[in-house]
Structure formats: C-alpha cells, structure tokens
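Subject: A structure for you to look at

Hello,

I am passing a structure on to you, together with some notes on what turned up in it. Have a look first, and then read on.

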Amino acid sequence: MGKIVNVKQAIKISKQLKTQGKNIVLVGGCFDILHVAHVKFLEKAKQKADVLFVLLESDRSVQKLKGKNRPINTQKNRAMVIAALTSVDYVVPLSNLKSDADYDKVVSQIQPSIIATTAKDPNILHKKRQANQIKGRVVYVLKRISDQSTTRLAKLIGQDLL
C-alpha cells in the first residue's frame, strides 16, 4: 500500500497506528498548486505527531470553494504531488463530501490526536468542534503567509500567459 489511500484504508491504518501507541495529526485542504506555505504548513504539522494524514478535497469541492476555473490540478495529480513530500505519511483523497456531518464522520473514524491548522483559519470553529468530539485538540502550526497562495500564483501565471 502506498501513501495515497482511500478513506476506508485510512481508517484501518489509523486503528493499527493507535494500537502501536502512535499519535496522528490530521490536516485538510485543497493544495491546488503546491507552494512554500503548503510545504511549511505540512512540515510543521508533522512535527506535532508521529504520523501525518492529509485529507484532500475533491475537484468538485475545490471548484465550489475557489471558483469555476479551479482546481488547476486534478485531485489525482494533487495527491501525487503531496504524497511526494517526506513530511506526509498518508494522503486521503475525499469524495465530494456535502456537509459538516460528512467531514465529522471521516475525522471521527480516523481519530487523530491533533487537527493542525493555520492562524486565522476561516473553518476554525468547525475544527474545534471536531476535536472536541474526538477528544483531540486543534494546534496552530503556522501563521498564514500573505504573499503565498494558490489564487495569487494562478493569477500571476495567467498574466504571464497573456
């Protein structure tokens, strides 16, 4: 089994890791065009536990969140790029989750000790609620790097192509 696993495999792996006394840190996101802020975030998250799981949004979810011209890279390609990072242990491509309850179910089944996030995360209340449900905790691992974003990079690339 490689680093890219489905939800069912992730749940099985997490149960095995827990029996070995390993702590899991969980992050989630789009990771459309991987940039330095993503790399730093994933490295800092990994430092908080033994194993890092990355929940990767579906193409449809990215489009809903970021707009009609996104994602730039397919979920399959995004998963392959993220899996290539040494800080990442497992990438879990998500199907099109439709509600907070869908996300809650995945998080509760993986049972991370830590949900890592960035400062000023717009979804922080949701993550704190999830952490409370699983008796885990939310940890801020990085401040947002204002000049580093996929949206900014996409705009720059688009300008260069004109």
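How many bridges join strand S2 to S3? There are four, and the two strands, with S2 covering residues 51–56, run parallel. One of the pairs links Leu 55 to its bridge partner Val 92 in S3.

Before the rest, some background. This is a predicted model, in which local features need pLDDT of at least 70 and side-chain atom pairs count only at pLDDT 80 or more, while totals for chains, interfaces and linings use all residues. Residues are numbered from 1 along each chain as its sequence is written, and side-chain values use heavy atoms, leaving out hydrogens and water. Helices (H or I, at least four residues) and strands (E, at least two) are DSSP runs numbered from the N terminus, and two strands pair if DSSP finds at least two bridges between them.

**The sheet**

Five strands make up an open sheet with parallel pairing, in the order S3-S2-S1-S4-S5. S3 (90–93) and S5 (137–142) are at the edges with a single partner strand each, so one side of each has no neighbour in the sheet. On average, neighbouring strands are turned by 30° against each other, direction ignored; axes here are lines fitted to C-alpha atoms, for helices over the stretch in contact, and angles run from 0 to 180 degrees between N-to-C directions.

**Helix H5**

Helix H5 (residues 100–110) lies across S1, S2 and S4, at about 165° to S2. Its buried residues (under 20% relative accessible area, with exposed meaning over 50% and partly exposed in between, using a 1.4 Å probe and protein chains only) are Tyr 103, Asp 104, Val 106, Val 107 and Ile 110. They sit on the same side of H5 because they cover an arc of only 165° around the axis, taken from the directions from the helix axis to the C-beta atoms. On the face turned away from that side are the exposed Ala 101 and Lys 105. Just after H5, Gln 111 has a positive phi of about 55°.

**Around Leu 42**

What does Leu 42 touch, not counting residues up to four places away in sequence? Its contacts (heavy atoms within 4.5 Å) are Val 27, Phe 31, Leu 52, Val 54, Ile 82, Leu 85, Ser 87 and Val 88.

I hope this helps you find your way around.

Best wishes
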